Amino acid sequence: MRKIELLAPARDIAIGKAAIDNGADAVYIGGPAFGARKSAGNSLDDIAALVEYAHRFYCRVFVTLNTILFDSELAEVEQMIKQLYRIGVDALIIQDPGILKLDIPPISLHASTQMHNYDMERIRFLDRLGFQRIVLARELSLEQIKAIRKEIKAELEVFIHGALCVSMSGQCYLSQYMFGRSANRGECAQPCRMKWSLKDSRENRLIRERYLLSLKDLNLSEYIPDLIESGIDSLKIEGRLKDESYVANVTNHYHRLIEAALKQQCNVGRVGTGMVSTAFEPDPERSFNRGCSSYFFTGRPKSLVNMNTPKSVGKPIGKVLEVRGNRLLLDTVETLSNGDGLCYLQNGELKGIRVNIAEGNRITANEPVKVAVGTMLYRNYDRRFITDIEKQKSIRKIRITIGVEENCGKLKLTAIDEDNTKTEVESGNCFEKASNSQQKERILQQLKKCGDTCFVCKQVHYSGDTLFIPSAELNTLKRKLLDNLMAEREKVRKIIRREPFDETVVYKTNIDWHGNVVNRKAEEFYKEHGAQNVEEGFEKTGDAGECDVMRTRYCILHELGRCRKKNTNKDLEFPLYLYNDKHCFRLEFDCTACCMKVIVKK
């Protein structure tokens, strides 16, 4: 049976456990260092505890090592990989090919999307090389994903939800150029979330101080069945900086969508096991979001960016009917609560309202509000919803059936879990027959209670004479049974190990600076695989000259309804320039490839 995986982010161990409890089959988390979210690191002890928890449910833990590395860091990376392997981490997500030249154990390796996995030649190389999994670029369409699946043997992972990088992954140097903070080193300052202006060569200003590069968030909720049918192995949620309520909500949402889709599929199952019980109704719109799009999944759409704000807008709740100081009357069917956060757009800026008192469709804000009647309001902080998630945490349990067999005064207990793993224990003592007919029911109820273990007993079968067994002895026997079952599950848990990489695979004749090579091991790697010339990466040279500091499939002209394939744009003098008060970049439009480049202007 083919198995698919819902992969959720974890900023820390608590969020990782919450992701698993809400239906994730795997989580990805930052290690002590060298992850693409520098502020989201975790200790080895915490990762080990998360690994132990995840493995109970056959779930997996991946650690992000997806930054490029300097020579001085390679020895530390090598030791850290050995430690991660020893504590049972299931895979590493890497960007720097220099890691392949280190003395590391056979831990599974995933090719991060930071390796710019949007080019078929690149993907074929990584596949033939021996990566177990390739994380595909966000820019790919469903048809492109299907074409890749037909050719590639490695597992394929696709982003389905969360923030979008406007640049092709691994090909953004804007933060490094402007602030000396490399996105490829986990230090992105997010210049794409800043205000920018746009002008032509005659200094005609097209747009003034708007968020021209700030993409809305990705949401592929309606395409989960298509992705499963396409043969994708892992569906990934972005968000290693998000809080626990966000991860719980979004993970639970996609868990339910996958379960619904699998009911229509034959011979497709889940990587993880266990039953998820949830007391809240998931809704991604009620967590952080900048508005959403399907990006390029079904073609090139308009309205990919929110030019008004890079912040969370939230869910629309209705319009303003009346304003009197700090009191507002709303046209809404939503139930509002004290402490909610509302927002609205005014003159291109996002304004906020904190609700002190909510009474039906009337609210009292924490201060006077100057908002026009008819303005649409959004809720970007839903206090009651967040409180429900935090208080009524989801629970994940492995379903088991217990069998009780009496033979000559002794008891044999058998446990079978939902994965058909089986174990049994026998009592060493003989017990007398019960004189009370209610003893059998007591035994059944006592065995059915699994306490704080990861098991939930759905049924107990009893055969033979009813015996009188002291509660303490029955509990001891039950604990031994459940401990044995957990040990047996660990014995049969699938463990993936990396096969040796194929050193004979040839890639390219040369690697320019876009290859992000900043250490000698990465240089050796590419030369061994056919590169005649390997240039140093942008972070190493520190000299941009005139070059592209961003490559993106997003096109400002298309967003403005001025696609050059359909419009002459006679009122514009090309090239166009993206600028703010400190920087100015030339825009280059490759209309054949439907690609835009941001160029450092000499």
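1. Start with the surroundings of Ala 10. Leaving aside residues up to four places away in sequence, Ala 10 touches Ile 15, Gly 16, Val 27, Tyr 28, Ile 29, Gly 30 and Arg 240. Keep in mind that this is a predicted model. Ala 10 sits in strand S1, residues 2-10, and counts as buried because its relative accessibility is 0%. Val 63 is 53 residues away in sequence, yet the two C-alpha atoms are 9.9 Å apart in space.

2. Next, the salt bridges. The count comes to 42. Among them is Glu 143 with Lys 146, where the closest N and O atoms are 3.8 Å apart. Both belong to helix H5 (residues 142-151), and because they are 3 residues apart there, about one helical turn separates them. Glu 143 is exposed at 54% relative accessibility, while Lys 146 is partly exposed at 33%.

3. Then there's Arg 286 with Asp 382, whose closest N and O atoms are 2.8 Å apart. This pair links distant parts of the chain, 96 residues apart: Arg 286 is in the loop between strands S13 (275-277) and S14 (292-293), and Asp 382 is in the loop between strand S20 (376-381) and helix H9 (383-391). Asp 382 is buried, with 3% relative accessibility, whereas Arg 286 is partly exposed at 27%.

4. Asp 419 and Arg 489 form another salt bridge, with 2.9 Å between the closest N and O atoms. Again the pair links distant parts of the chain, here 70 residues apart, with Asp 419 in the loop between strands S22 (410-417) and S23 (422-426) and Arg 489 in helix H11, residues 471-492.

5. Worth a look on screen: Glu 5, Arg 60, Arg 133, Glu 155, Glu 157 and Lys 236 are joined in a network of salt bridges.

6. Now some backbone details. Asn 347 isn't a glycine, but its phi is positive, near 55°. Asn 347 lies in the loop between strands S17 (341-346) and S18 (349-359), and counts as exposed because its relative accessibility is 77%. Cys 594 also has a positive phi, near 50°, and is in the loop between strands S29 (584-590) and S30 (595-600). At 26% relative accessibility, Cys 594 is partly exposed.

7. Last, a cis peptide bond. This bond joins Phe 574 and Pro 575, with omega about 5°. Pro 575 falls in the loop between helix H14 (556-559) and strand S28 (576-579).

Notes. Residues numbered from 1 in each chain as written. Predicted model: local features only at pLDDT ≥ 70, side-chain atom pairs only at ≥ 80, totals over all residues. Heavy atoms only, no water. Helix = DSSP H or I, 4+ residues; strand = E, 2+ residues; numbered from the N terminus. Buried < 20%, exposed > 50% of the residue type's maximum accessible area, 1.4 Å probe, protein only. Contact = heavy atoms within 4.5 Å. Salt bridge = Lys/Arg side-chain N within 4 Å of Asp/Glu carboxyl O.
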